[in-house]
Amino acid sequence: MSLAYAKCPQDVRDSLAAQYYVDAIRDEDTQHATRLMDAKDLKSASVYSLMYEAVKTISNTSRNVRSIHIEDGTGKENDEKFDCLLKTSEELLNSHVAGKKNNPRRNPNVICWKCNKKGHVLREY
């Protein structure tokens with residue numbers, strides 16, 4: 001703007017920049033709202049349009065959100081169920097890991113590519 005309108009005063013250049021910015025906004029609602037705001041400079045026009053877009057986005061998504069209500073007593077029962085499930089899964093995982101360590105699967109026909117010996121692979125070496 002400074003190079004294109006070098007002979008114009010600063011307030012005129014700011015107003016033109018704001019008008020060009022508003023004209024470039026693709027969303028019609030945002031463009032109309034920003035135009036009605038009658039911004040005098042580019043900074044205030046961009047801040048207002050960004051705030052308008054944010055509010056519009058939040059209001060569109062908040063329609064789909066429902067509040068939940070937790071009844072007394074059910075949370076403790078669910079916590080106990082979760083703890084039981086967690087304990088069972090940890091025991092199962094530990095037994096599975098212990099079974100792998102004690103019982104390695106070895107194929108006698110496998111040849112290690114590092115040492116060229118039969119019966120193991122590099123990760124079991």
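**Salt bridges and cysteines in a predicted model**

Gln-31 is buried, with a relative accessible area of 15%. The model is predicted. The whole structure holds 4 salt bridges and 0 disulfides.

**Around Gln-31**
- Gln-31 sits in helix H2, which covers residues 28-37.
- Beyond its neighbours within four places in sequence, Gln-31 is in contact with Val-22, Asp-23 and Ile-25.

**Arg-35 and Asp-23**
- Arg-35 and Asp-23 form a salt bridge, with their closest N and O atoms 3.1 Å apart.
- This pair links distant parts of the chain: Arg-35 is in helix H2 and Asp-23 in helix H1 (residues 10-24), 12 residues apart.
- Arg-35 is partly exposed at 42% relative accessible area, and Asp-23 is partly exposed at 44%.

**The network at Lys-56**
- Salt bridges link Asp-27, Asp-29 and Lys-56 in a network.
- Lys-56 meets Asp-27 at 2.4 Å, N to O.
- Here Lys-56 belongs to helix H3 (residues 42-62), while Asp-27 lies in the loop between H1 and H2, 29 residues apart.
- Lys-56 also forms a salt bridge with Asp-29, the closest N and O atoms being 3.9 Å apart.
- Asp-29 is in helix H2 and Lys-56 in helix H3, so this pair ties together parts 27 residues apart in sequence.
- Lys-56 is partly exposed at 22%, Asp-27 at 29% and Asp-29 at 45%.

**Cysteines**
- The closest cysteine sulfur to that of Cys-115 is in Cys-112, 3.8 Å away.
- That is too far for a bond, because a disulfide needs the sulfur atoms within 2.5 Å.
- Cys-115 is partly exposed, with a relative accessible area of 24%.
- Cys-84 is partly exposed at 49%.

Definitions and conventions
Residues are numbered from 1 along each chain as its sequence is written. This is a predicted model: local features need pLDDT of at least 70, side-chain atom pairs count only at pLDDT 80 or more; totals for chains, interfaces and linings use all residues. Side-chain values use heavy atoms; hydrogens and water are left out. Buried means under 20% relative accessible area, exposed over 50%, partly exposed in between (1.4 Å probe, protein chains only). Helices (H or I, at least four residues) and strands (E, at least two) are DSSP runs, numbered from the N terminus. Contact means heavy atoms within 4.5 Å. A salt bridge is a side-chain nitrogen of Lys or Arg within 4 Å of a carboxyl oxygen of Asp or Glu.
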